[in-house]
Amino acid sequence: MHFGRVYAVLLRILYLMRGSVTRLVSPIVWPVLDIVLWGFISRYISQVSQPGFNFATAFLGAALLWEFFNRAAYGATMAFFEDVWSRNFLNLFSSPITIVEYLTGLVLAGSLTAVIASIIMIALTALVFGLSLGVMGLLAVPFMLILYGFGIALGIVGISIVLRFGPTAEWFIWPMPMVLAPFAAVFYPVATLPKWMQYISATLPASYVFEGMRGLLAGHPPEASTLLIGGGIDILDIILACWLFHRMYIRAVQTGLIARYSAESIS
Amino acid sequence: MQSKGHVKSDVQSINAVLAVQSLSKMYGDVRAVDQISFSVQRNEIVGLLGPNGAGKTTTINMILGVLQPTSGSITIDGINLAKQRSKALERTNFAAVYAPLPGNLTVAQNLRIFGLLYGVPHLKEKIEGLLNSFDLDHFRDTKCGVLSSGEQTRAGLAKALINDPSLLLLDEPTASLDPSAAQIIREMIIQYAKKTDVGVLWTSHNMYEVTDVCSRVCFLSKGTILLEGDPKQLPSLHGKPNLEELFITVAREPLSLEKD
């Protein structure tokens, strides 16, 4: 691994963010809007619900963690799209960079936007809606790590799909987290789902996090084995996502897609 | 003159910065490049010529490592591209009118990023030197997307030379330029080739440019090398007044040349 080349991929994103205010919309404005929306919904629900389970904390905490997952997933994908939109593939892939270095750079760029978004969201929920991640204690760390890993895996899958089907496939990428949300049981227990959806839910690391978070807020912290299963699936997902990207890249080099990559040529 | 199937490119030469041997590319049943062999020596500018669809860009893409050959081998500076891709590409660079630098970054930013990608030592000094050599000082903080065609070509060439490549691939580098700007660019490349050890593979549809710049040309037709030789001597060897007439014959009546 040549870290200078990884840094080049990351630096490109830093330059772009520095040079264009509009690029801050995705990592900042959308999460802020989501937190504001869910903050007021949670506040209203806490006013009308019976005393007992703290719905406000559960909803807002879930919204915060879900948005963190979204930023991790979109961050790497957005970094990749910057090369797609500027038609940089030929210059980039004819350089000595390896796909491991490129993917690492994209993931770091995605992580950067996820961290920026998280800091802003955590500050907003604490200052405006009075929710601190501190209520989750140290468990907030594995929760966020699992969601981060799952977000990265989903981002790499999205990149692979665009590499295979071309830039027009981007409209398939944006709703991917939304498609997963019902199965991930972000705002309700997995038991609420029909049986067939529960089977799918069991394959998503995010569902273990949200179940764990609700259990924690109800006074039943998740068992270590639950988090280990979630983390294990996470690692498996990342490995599968990297394998998929590698396959798509090899195919693109064999067919010449890398050399003539544009919306017009392969869609 | 050397005809199809009898090209005697000196691919074994230890001086070759590029040795292409029996290179083929199939797209399904279509043979885009068919068993071509040629080499580029140090301090040599070789023209890769041919009509549209002859296989020039396919060949260049394979040399750049962005297209996998169906068979054959590519060696850059003695390094096998298939086996040591990164190491071989560290010694290569290219510029093409269809591959401009990202327009949303400034000239200096693009050069810094590509310098990092190619692992260039003393990058800051290198960038300053290139900005100066290509008369891009005034545009260092200008986004590449708003540069004129000539300025973009100069920026692309600065990127192509950032790693002091042993092998420089230029795919129609002057295609979008007016005659004056094209002449300046040509002169820059010729001067660079003279003062360094670089070997250049140059494609162009401008036969006057090729005659002026290249010491040797390879004519591609339907994926094979039909002719190879000195661009100043080849036309007369085939009874043509100039390289342009020879090119037209290659494009329209390649079989007549195969019989020679």
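This is a predicted model: local features need pLDDT of at least 70, side-chain atom pairs count only at pLDDT 80 or more; totals for chains, interfaces and linings use all residues.

Student: What span should α6(A) have, and what are its ends apart?
Tutor: Helix α6 of chain A, residues 140-165, should span 38 Å, and its end C-alpha atoms are 37 Å apart, which agrees. The expected span is 1.5 Å times one less than the number of residues. Helices here are DSSP runs (H or I, at least four residues), strands are E runs of at least two, and both are numbered from the N terminus.

Student: What comes just after α6(A)?
Tutor: A:Gly166, with a positive phi of about 95°.

Student: OK, helix packing. At what angle do α1(A) and α5(A) pack?
Tutor: About 40°, with their axes 8 Å apart; axes are lines fitted to C-alpha atoms, for helices over the stretch in contact, and angles run from 0 to 180 degrees between N-to-C directions. That makes α1(A) oblique to α5(A). Under 35 degrees counts as roughly parallel, over 145 as roughly antiparallel, 65 to 115 as roughly perpendicular, and the rest as oblique.

Student: Which residues of α1(A) meet α5(A)?
Tutor: A:Arg5, A:Val6, A:Val9, A:Leu10 and A:Ile13. Among their partners in α5(A) are A:Tyr102, A:Leu106 and A:Leu108. Contact means C-beta atoms, placed from the backbone, within 7 Å. The residues of this contact divide into eight nonpolar, two polar and two charged; Ala, Val, Leu, Ile, Met, Phe, Trp, Tyr, Cys and Pro count as nonpolar, Asp, Glu, Lys and Arg as charged, and the others, Gly among them, as polar.

Student: And α3(A) with α10(A), at what angle do they cross?
Tutor: Roughly 155°, with the axes coming within 10 Å. The two helices are therefore roughly antiparallel to each other. On the α3(A) side, the contact includes A:Leu65 and A:Phe69, and on the α10(A) side A:Phe210 and A:Met213. By class, that contact has nine nonpolar, two polar and one charged residues.

Student: Switching to the interface: how many residues does each chain put in?
Tutor: Chain A gives 24 residues and chain B gives 23. The largest share of chain A's side, eight residues, comes from α1(A). That side of chain A has 12 nonpolar, 10 polar and two charged residues.

Student: Which non-glycine residues in chain B have a positive phi?
Tutor: B:His122 is one, at about 50°, and B:Glu172 is another, also about 50°. B:His122 sits in the loop between α3 and α4 of chain B and is exposed, with 10 other C-beta atoms within 10 Å. B:Glu172 is in the loop between β7 and α6 of chain B, and is partly exposed with 18.

Student: Last one: what does B:Asn15 touch beyond its sequence neighbours?
Tutor: Leaving aside neighbours within four places in sequence, B:Asn15 is in contact with B:Gln41 and B:Arg42. B:Asn15 lies in the segment before β1 of chain B and counts as partly exposed, with 13 C-beta neighbours inside 10 Å.

Terms used:
Residues are numbered from 1 along each chain as its sequence is written. Chains are lettered from A and ligands numbered from 1 in the order in which they are written. Two residues are in contact if their C-beta atoms, placed from the backbone, lie within 7 Å. A residue is buried if 20 or more other C-beta atoms lie within 10 Å of its own, exposed if 12 or fewer, and partly exposed in between; C-beta atoms are placed from the backbone.
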